[in-house]
Amino acid sequence: MESALIVTTACKGTQLLAELLKMSGITSISTAASGGDARRLLLETSFDLVVINAPLSDEYGHELAVFVAESSGAGVIILCKSERADLVSQKVEDAGVFVVEKPISRQLFFQSIKLMAASRRRMLGLKKENSKLRGKIEEIRLVDRAKCLLIQYLDMTEPEAHRAIEKEAMDRRMTRKEIAKEIVSRYEN
């Protein structure tokens with residue numbers, strides 16, 4: 001992880017958290033003093049990690065944590081007093097937010113960052129795989145639509161239509177998806 005956003009109302013907390021994040025190897029650190037400021041900053045910039053030191057001046061912070069976790073690929077850690085940790089955890093853990101009790105121990109904070117980085121890498125890998133599979137599904141649907149059009153307009157059988165698309169793709173050194181797009185645009189217009 002390279003970039004982090006610290007959301008805290010306390011100036012003292014900002015310095016301590018920035019120091020801990022720098023020790024963890026995070027190079028770019030931004031700060032926000034409230035939930036509203038953080039939301040505005042998140043619209044402009046993406047971060048690898050967001051650390052929320054609850055409570056904030058305009059909200060407690062769990063709403064912001066869930067918002068960040070659901071709307072970005074950033075890992076989210078929320079720091080809260082130990083007596084509120086269980087309650088906050090119930091509200092945010094389904095969104096994948098880590099809750100760390102205050103006062104924070106350096107070791108626990110570093111472990112939380114490492115766990116967050118590992119889970120973030122896994123999540124990004126799954127998103128990439130999901131995107132790849134969606135592309136494959138889209139290609140299959142498009143090729144099937146093109147086959148149906150060839151069957152309908154050229155009286156081909158399904159294997160003949162499949163072979164025609166495959167052959168055209170090989171002959172013209174194009175993908176099946178590109179050939180299918182041409183067929184669909186030719187026959188549907």
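Colleague: Why is arginine 176 called partly exposed?

Modeller: Its relative accessible area is 24%, and since buried means under 20%, exposed over 50% and partly exposed in between, with a 1.4 Å probe and protein chains only, arginine 176 counts as partly exposed. This is a predicted model, in which local features need pLDDT of at least 70 and side-chain atom pairs count only at pLDDT 80 or more, while totals for chains, interfaces and linings use all residues. Residues are numbered from 1 along each chain as its sequence is written, and side-chain values use heavy atoms, with hydrogens and water left out.

Colleague: What makes glutamate 166 and arginine 176 a salt bridge?

Modeller: Their closest N and O atoms are 3.0 Å apart, and the term asks for a side-chain nitrogen of Lys or Arg within 4 Å of a carboxyl oxygen of Asp or Glu. The pair links glutamate 166 in helix H6 (residues 158-172) with arginine 176 in helix H7, 10 residues apart.

Colleague: Why is the pair of tyrosine 153 and tyrosine 187 called stacked?

Modeller: Rings of Phe, Tyr and Trp (its six-membered ring) pair if their centres lie within 6.5 Å, and planes under 30 degrees apart count as stacked, over 60 as edge-to-face and the rest as tilted; here the centres are 5.2 Å apart and the planes at 15 degrees, so the pair is stacked.

Colleague: How do you know that threonine 14 is buried or exposed?

Modeller: Threonine 14, which is found in helix H1 (residues 11-23), has 18% relative accessibility and therefore counts as buried.

Note on methods:
Helices (H or I, at least four residues) and strands (E, at least two) are DSSP runs, numbered from the N terminus.
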